[in-house]
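Please open the structure below in a viewer and keep the selection tool at hand. The tour goes from one selection to the next and says what is there.

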Amino acid sequence: MPMSYQRLFRIAAFGALPIVLLFTGCSRKAAPAGPAAPEVLVTTVTPRDVPRVLERVATLDGFINANINAQVQGYIISRDYQEGSVVKTGDLLFRIDPRPFEAALAQANGTLARDQANQVKADADEKRAIDLFNKKVISDQERDTAIAAAGSTRANVEADEAAVKQAEINLSYTKITAPIDGVTGFANNQVGDLVGPSTGPLTTMSQIDPIKAIVTAGEGPFTDFVSRHPDATEREAYIKSLDFQLILGNGELYPQKGTFYALDRNLDTKTGSIRYYVTFPNPGNILRPGQFGKVRFVADMKKGAIVVPQEAVTELQGNYQVAVVDQNNKVSIRPVKMGERIGAFWEVTDGLKPGDKVVVQGLQKAREGSTVSVKEWTPPTDQMAAATSTSSPSGH
């Protein structure tokens, strides 16, 4: 019996061994790995020379705006242009009833003809009186009377000639023509209306090729511009060398480049700002007065600027910050001070130093103190080129 118990114990122990080994194997399994560090794209801060791009809001206006007024009083008998169309200098716009002016011209011509006939007789009497006086046939008083009569008739003729000229001008005013090449506006008066010099413009037209952009610069930027370019000759040459670009209201870049045209003579005392004009070619009259846009240009090159892509900067209640990754791939959120926007980049004036790695994409994954997987960010190939090609004068 004792042998049977021992044998039974050995059999039971042997049978339990696989179960023990099974549990032992399970307990030695490797612990599951933690989540991988999130990947972010970073750029290494490097001082660089970048274009200083300035930009201001602009309002488009006609290069020349002309009010079309009636110079004489009369009834409109025709409108001879299509409203909103392009017309050339001298094209007929309106006609005023010419009959009263034709009659006035005929009367002036008749008066002139009468007085010219009187002048012929007076000139002959003057010549005869002088001859008789020289022969001592008539007195000096009679001679003087003849001379005065001849002078009076000559004056009458000159006045009549002026009256004829004025009548001809008034008659010509019954045909109202375009003073410039440009686009016409809607008519303010229709056929049958009585119009005159005091009734207001019949219509308005604008020369819009080229078209001008009206830009306003503050007193501070204007003073800064003058201090940068104190010499008047150099300043004028610099302004003429600038290429301006126009960003339309829908965000598109207008394909034609503009040139500086003129600076206003004074600053506005109410706003402390000064206006200047930039002209743009406008073939096809694509642009129209009253449109809004932005004018920009490359003012100069900023040397050794610390810049980061604008998308790397986060604004919070007027404060700016960036995410910086250290050598151990740990993130720290760093406050920074920002300068000018330069194309797609933004100048950092304080808070970063050369060599810092700044998160550009994946900011939502970059938490303070977290560890990230770093990959170098590659800017679009046209990003810096776009910054170089942009422009605007008002910040100068």
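One definition comes first: rings of Phe, Tyr and Trp (its six-membered ring) pair if their centres lie within 6.5 Å, and planes under 30 degrees apart count as stacked, over 60 as edge-to-face and the rest as tilted. This is a predicted model, in which local features need pLDDT of at least 70, side-chain atom pairs count only at pLDDT 80 or more, and totals for chains, interfaces and linings use all residues. Residues are numbered from 1 along each chain as its sequence is written, and side-chain values use heavy atoms, with hydrogens and water left out.

**The whole protein**

Show the whole chain as a cartoon. The protein has six helices and 20 strands; helices (H or I, at least four residues) and strands (E, at least two) are DSSP runs, numbered from the N terminus. Of its 396 residues, 33% are buried. Buried means under 20% relative accessible area, exposed over 50%, and partly exposed in between (1.4 Å probe, protein chains only). A contact means heavy atoms within 4.5 Å. Among contacts with a separation of 6 or more, 78% are between residues 24 or more positions apart.

**Confidence**

Colour the model by pLDDT, the predictor's confidence in each residue, from 0 to 100. The mean for the protein is 87, and 87% of the residues reach 70 or more. Select strand β5 (residues 92–96), where confidence is highest at a mean of 98, and then helix α6 (residues 383–389), where it is lowest at 47. Next select residues 18–23: the pLDDT is below 50 there, and the stretch has zero contacts in the model beyond near neighbours in sequence. Residues 384–396 also have pLDDT below 50, but this stretch has 63 contacts in the model beyond near neighbours in sequence. Where pLDDT is low, the predicted coordinates should not be read in detail.

**Aromatic pairs**

A search of the whole structure finds seven aromatic pairs. Select F63 and Y261, whose ring centres are 5.1 Å apart and whose planes meet at 70°, so the pair is edge-to-face. F63 is in strand β2 and Y261 in strand β11 (residues 259–263), so this pair links parts of the chain 198 residues apart. F63 is partly exposed, at a relative accessible area of 23%, and Y261 is partly exposed at 48%.

Move on to Y254 and F280, another edge-to-face pair, with 6.4 Å from centre to centre and 80° between the planes. Y254 lies in the loop between β10 (245–248) and β11, while F280 lies in strand β12 (residues 273–280), so the pair ties together parts 26 residues apart in sequence. Are Y254 and F280 buried or exposed? Both Y254 and F280 are buried.

**Charges over rings**

A charge sits over a ring if NZ of Lys or CZ of Arg is within 6 Å of the ring centre and within 35 degrees of the ring normal. Select R79 and Y81: the charged end of R79 sits over the ring of Y81, 5.8 Å from its centre. Then select R143 and F133, where R143 lies over the face of F133 at 4.3 Å from the ring centre.

**Salt bridges**

Side chains of opposite charge can pair when their charged atoms come close. A salt bridge is a side-chain nitrogen of Lys or Arg within 4 Å of a carboxyl oxygen of Asp or Glu, and the structure holds 19 of them.

Select E55 and R296, whose side chains meet in a salt bridge at 3.7 Å, N to O. E55 is in strand β2 (residues 48–68) and R296 in strand β13 (residues 292–305), so the bridge ties together parts 241 residues apart in sequence. E55 is partly exposed, with a relative accessible area of 31%, whereas R296 is buried, at 17%.

D115 is buried, with a relative accessible area of 8%.

Next, select E347 and K302, which form a salt bridge with the closest N and O atoms 3.7 Å apart. E347 is in strand β18 (residues 345–350) and K302 in strand β13, 45 residues apart. E347 is buried at 12% relative accessible area, and K302 is partly exposed at 23%.

**A buried valine**

Finish at V322, in strand β16 (residues 319–325). V322 is buried, with a relative accessible area of 2%. Leaving out residues up to four places away in sequence, V322 touches A312, V313, S332, I333, R334, V336, L352 and V358. I333 is 11 residues from V322 in sequence and 5.8 Å away in space, C-alpha to C-alpha.
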